[in-house]
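Hi there,

Here is the structure I promised to send over. Have a look at it first, and then read on for my notes below.

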Amino acid sequence: MTDGNLGLTGAAAAINVLVYAFFAVGSVALAVIDARDKILPNRIVFPLYGIGLAGFGMITAVLHDAHGVRHLVAALASAAVLFGLFYLLAMFGPMGYGDVKLAGVIGLYLGWLSLPTVYAGVLLGTFSAALVSMIVVATRSARHLTWRHLEVAYGPYLLFGAWVAILLNLLG
């Protein structure tokens with residue numbers, strides 16, 4: 001079994017699959033909770049950081065080459081940049097800090113794959129959230145219902161964009 005982006009085999013590939021399996025389970029739980037309750041619980045978000053850091057660190061140690069280190073540095077940098085960018089947005093806008101923490105997690109997992117995957121994931125998540133929001137506003141306006149204080153959970157859309165980007169990365 002090989003990973004098209006990293007050329008992982010053996011133990012490194014097994015660790016990679018396990019790390020992304022945990023991310024998948026956490027993603028589903030976070031999307032459901034955020035869509036229902038508009039909250040991203042720390043008890044799910046923070047372990048995803050730990051699992052990603054430990055897993056990607058172990059893969060880097062198993063690979064024992066500069067290629068693995070570059071991917072680890074890209075993952076850490078992507079997590080930091082997305083966390084910082086979303087933190088600035090949350091300071092001045094209606095975004096919650098759960099979305100900030102989730103952005104860091106998404107940066108970590110997508111950054112491990114590649115920087116274009118990070119861009120694609122955030123762009124797809126933001127675009128899908130904007131599209132759904134416009135449809136909801138248009139529908140509520142057509143029915144003469146108020147939409148001014150409408151809250152849209154951003155987390156499920158960020159996670160959707162992240163997983164579409166991961167799948168696109170795997171396909172080619």
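This is a predicted model: local features need pLDDT of at least 70, side-chain atom pairs count only at pLDDT 80 or more; totals for chains, interfaces and linings use all residues.

Let me start in a loop: Lys-38 sits between α1 and α2. Is Lys-38 buried, partly exposed or exposed? Its relative accessibility is 40%, so Lys-38 counts as partly exposed.

Now to the overall fold. The chain has six helices and zero strands, so if you follow the elements from the N terminus on, they read α-α-α-α-α-α. Along its principal axes, the C-alpha trace spans about 60 × 30 × 25 Å. How does the radius of gyration fit with a compact globule? For 172 residues such a globule would come out near 16 Å, and the chain has 17 Å, which agrees. Of the contacts between residues at least 6 apart in sequence, 73% join residues at least 24 apart.

Next, the inside. Of the 172 residues, 42% count as buried. The largest nonpolar core holds 43 residues, and those with the most contacts inside it are Phe-23, Phe-56, Phe-86, Tyr-109 and Trp-112. Two or more residues each come from α1 (10–37), α2 (42–63), α3 (66–92), α4 (97–113), α5 (115–142) and α6 (155–171). Which helix gives the most to this core? That is α4, with 10 residues.

Leaving aside residues up to four places away in sequence, Tyr-109 touches Val-19, Tyr-20, Phe-23, Leu-48, Ile-51, Gly-52 and Phe-56. Two of these partners, Phe-23 and Phe-56, are also among the residues with the most contacts inside the core.

Finally, the surface and the charges. The accessible surface comes to about 9,300 Å², and carbon and sulfur atoms account for 73% of it. The chain carries 8 positive and 6 negative side chains, with the centres of the two sets 11 Å apart.

Happy to go through any of this with you.

Best wishes

Terms used:
Residues are numbered from 1 along each chain as its sequence is written. Side-chain values use heavy atoms; hydrogens and water are left out. A nonpolar core is a set of buried Ala, Val, Leu, Ile, Met, Phe, Trp, Tyr and Cys residues joined through side-chain atoms within 4.5 Å. Buried means under 20% relative accessible area, exposed over 50%, partly exposed in between (1.4 Å probe, protein chains only). Helices (H or I, at least four residues) and strands (E, at least two) are DSSP runs, numbered from the N terminus. Contact means heavy atoms within 4.5 Å. The radius of gyration is taken over C-alpha atoms; the globule rule is 2.2 Å times the number of residues to the power 0.38. Accessible areas come from the Shrake-Rupley method with a 1.4 Å probe; for residues, only the protein chains shown count as cover. Lys and Arg count as positive and Asp and Glu as negative; His and the chain ends are not counted. The place of a charge is taken as NZ of Lys, CZ of Arg, CG of Asp or CD of Glu.
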